[in-house]
Amino acid sequence: MKTLIIYTHPNHQSLSFAFLQKVIQGSTENPEISEIKVLDLYEEGFDPILVFNKEKRRRDMHADPKLEKYRHQLLWAEKIVLIYPIWWGRPPAMLLGYIDHMFTSDFAYRDKGGLLPEGLLKGRSVVCISSMKGPALYPLFWLHNAHKVLMKKALFQYVGINKVKFFEFGNMESPKGKQEQKLNRIYRYFRSLSS
């Protein structure tokens, strides 16, 4: 199983970075996972800002040479792991910018003229690992699960990825947040994950 980990947090002293280390540790110890690649969007200096004009059109983004490396990563991956904090009820703008650039027409999906397109990234699976300051049930009851709906239905199912697993951890800035327990849960999950 070829695994692409997309890490989105500007601070390498963060809990998100600790989750990244546990994903790598568990994956490295798992014989089912053959290769691991890590894309650290902040360290990479990924530019999340979309620019369109007469020379650069949205419909041509699938062939943008500046994004070729990232397209190859997504096509290479059998499993995509996203690690990010929840800010204002959604992933960071950096990750959303990456999604805007990468999940484009004629790369991630193809319009067929009907209600839904043809997903071009079928056969892959996704794991989303997110953490937030607020309580774990806040997104469910207050935001009507907007984060999960955004990631699973509006994005991944749209491009043909139906297998999406969420770890959405709340109370992460609290001394009673059970951070070590949650880190170990992620480690165990990736150590025993099968395709």
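Biologist: Why is Asp 60 called partly exposed?

Modeller: In this predicted model, Asp 60 has a relative accessibility of 31%. Buried means under 20% relative accessible area, exposed over 50%, and partly exposed in between, with a 1.4 Å probe and protein chains only; therefore Asp 60 counts as partly exposed. Local features need pLDDT of at least 70, side-chain atom pairs count only at pLDDT 80 or more, and totals for chains, interfaces and linings use all residues. Residues are numbered from 1 along each chain as its sequence is written, and side-chain values use heavy atoms, with hydrogens and water left out.

Biologist: Where is Asp 60 found, and what makes its side chain a partner of the side chain of Arg 57?

Modeller: Asp 60 lies in the loop between α2 (41–44) and α3 (68–76); helices (H or I, at least four residues) and strands (E, at least two) are DSSP runs numbered from the N terminus. The side chains of Asp 60 and Arg 57 make a polar contact at 3.0 Å. That term requires a pair of N or O atoms within 3.5 Å; within protein, one must be able to donate a hydrogen and the other to accept it, and residues adjacent in sequence count only if both atoms are side-chain atoms.

Biologist: Why is Glu 180 called exposed?

Modeller: Its relative accessibility is 52%, so Glu 180 counts as exposed. Glu 180 belongs to helix α7 (residues 179–192). Its C-alpha atom is separated by 9.7 Å from that of Ala 18, 162 residues apart along the chain.

Biologist: What makes β2 and β7 edge strands?

Modeller: The open sheet of five strands has the order β2-β1-β3-β6-β7, with parallel pairing. β2 (35–40) and β7 (163–169) each have a single partner strand, so one side of each is left without a neighbour in the sheet.

Biologist: How do you know that β1 and β2 pair, and that β6 and β7 pair?

Modeller: Two strands pair if DSSP finds at least two bridges between them. β1 and β2 pair in the parallel sense over six bridges, and Ile 5 stands opposite Val 38 in β2. Strand β6 (residues 125–131) pairs with β7 in the parallel sense over seven bridges, where Val 126 stands opposite Val 164 in β7.

Biologist: What makes strand β1 mostly covered?

Modeller: Five of the six residues of β1 (residues 2–7) are buried.
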